Amino acid sequence: MAGVDTIIQQIRDDADAKAGEIIADAEKKAEAAVEAARHDAEESVKAAGVRAGKESRDYEARIHSQIGMQRRQVLLLARQEVIADVIKRAYAQIRAMEPEQYFGMLEKQIEKNAHAGVGEILLGEEDLKRMPADFEKRADAAAKKNGGSLRLSKNAAAISDGFLLRYSDEQGDGGIDENCTLEAILDEKKEELTDLVHRILWE
């Protein structure tokens, strides 16, 4: 059953092409910004009557610095766009999974995040309606691999997807909640995706 890592890998496989399109556009914008800056610089130099000497060189250096900064800003925006697109597409693919595949992915996340104690798993309203009949048993089995156990809450959590794990504190201090919604799971992958896009853009 495909998990989050598999989904990310599938999207990663065609990220190069997407990044290439974005970077080509970014480079075009950067070149346009450079050309505009050059034109402004020439007009400013003419207007100021600066023709040579230290003042002219200093002015030219400042313009080149501004051009470099503009290029870096455009490429940074391109990198952010690639990352946002990968995460958006991963989220859409997971949401579109068939129930058996989707809840199989949740089982893997339960095994990864379950504690050793006795806890409760909470699903959103939509997932409560479509979950397999044996999901509570499967969730408990996944938790047992970490030395714990889980029961399914019949009350819907205020989440769209994924699940929450809730463990009560024996001292009554409020307990522990683990946020395992898709948003939280994909957020964990953000640094990995940032590194990936960095390699695509600059290596």
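In helix α4 of this structure, the buried residues are Tyr 102, Phe 103, Gly 104, Met 105, Leu 106, Glu 107, Gln 109, Ile 110 and Asn 113; the model from which this is computed is a predicted one. The helix that carries these residues, α4, is 15 residues in length and spans 21 Å from its first C-alpha to its last, which is close to the 21 Å expected at 1.5 Å a residue.

When the whole structure is searched, 1 cavity of 30 Å³ or more is found, and the largest cavity holds about 50 Å³ of space. Its lining is made up of Gln 109, Lys 112, Asn 113, Asn 179, Cys 180, Ile 185 and Glu 188, and of these elements α4 (99-113), β4 (176-180) and α7 (182-188), each contributes at least two lining residues. The largest share, 3 residues, is supplied by α4. Sorted by class, the lining of the largest cavity consists of 2 nonpolar, 3 polar and 2 charged residues. Gln 109 and Asn 113, which belong to this lining, are also among the buried residues of α4.

Although Lys 88 and Leu 186 are 98 residues apart along the chain, their C-alpha atoms are separated by 9.5 Å.

Methods: Residues numbered from 1 in each chain as written. Predicted model: local features only at pLDDT ≥ 70, side-chain atom pairs only at ≥ 80, totals over all residues. Heavy atoms only, no water. 1 Å grid on protein atoms, 1.4 Å probe; cavity = no way out; pocket = protein on both sides within 12 Å on 5 of 7 lines; lining within 4 Å. Points joined across faces, edges and corners; volume = space filled by probe spheres on them. Helix = DSSP H or I, 4+ residues; strand = E, 2+ residues; numbered from the N terminus. Nonpolar A, V, L, I, M, F, W, Y, C, P; charged D, E, K, R; others polar. Expected span 1.5 Å × (residues − 1). Buried < 20%, exposed > 50% of the residue type's maximum accessible area, 1.4 Å probe, protein only.
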